Amino acid sequence: MTAMRYRLTFVAGVVLGYVLGTRAGRERYEQLKKTAQQFAQNPAVRNTAESAAHQSREFAGKAYHVVSDKVGDRVPESVADRVRHLRDRATHNGGEDDWGTSNT
């Protein structure tokens with residue numbers, strides 16, 4: 001009888017802790033989500049991200065040319081076709097990538 005009472009008290013405590021913990025966790029999650037959205041909306045952050053994306057695209061283009069000069073015909077045709085397709089799409093698509101960000 002006493003063991004059953006302790007088990008019931010333990011289970012009730014676990015349930016109460018779970019409910020209170022999930023509520024607090026949800027509030028913290030919402031707070032973090034709001035902070036992240038505000039951070040992403042910041043013009044300085046957006047400009048920095050766009051600048052980094054632009055620089056990475058330039059670097060990738062230069063790296064491709066360096067590698068293709070050294071590798072030559074050993075690049076699989078499927079890879080070369082994909083790179084050409086992506087380059088053509090970027091120039092004919094108004095400079096936007098799959099995420100709608102500008103390539104310029």
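Why does tyrosine 18 count as exposed? Here are some friendly notes on that and on the rest of the chain.

1. **Ground rules.** This is a predicted model, in which local features need pLDDT of at least 70, side-chain atom pairs count only at pLDDT 80 or more, and totals for chains, interfaces and linings use all residues. Residues are numbered from 1 along each chain as its sequence is written, and side-chain values use heavy atoms, with hydrogens and water left out.

2. **Tyrosine 18.** Tyrosine 18 counts as exposed because its relative accessibility is 59% (exposed is over 50% relative accessible area, buried under 20%, partly exposed in between, with a 1.4 Å probe and protein chains only). The residue sits in helix 1, residues 2-41.

3. **Overall fold.** The chain has three helices and zero strands (DSSP runs numbered from the N terminus: helices are H or I, at least four residues, and strands E, at least two). Of its 104 residues, 5% are buried.

4. **Salt bridge.** The whole structure holds one salt bridge (a side-chain nitrogen of Lys or Arg within 4 Å of a carboxyl oxygen of Asp or Glu). It pairs the side chains of glutamate 30 and arginine 26 at 2.9 Å, N to O. Both residues belong to helix 1, four residues apart, about one turn of the helix. Glutamate 30 counts as partly exposed because its relative accessibility is 32%.

5. **Helix 2.** Spanning residues 43-71, helix 2 reaches 41 Å from first C-alpha to last, close to the 42 Å expected at 1.5 Å a residue (1.5 Å times one less than its number of residues).

6. **Confidence.** The mean pLDDT (the predictor's confidence in each residue, from 0 to 100) is 80 for the chain, and 82% of the residues score at least 70. Confidence is highest in helix 1, at 86, and lowest in helix 3 (residues 77-92), at a mean of 76.
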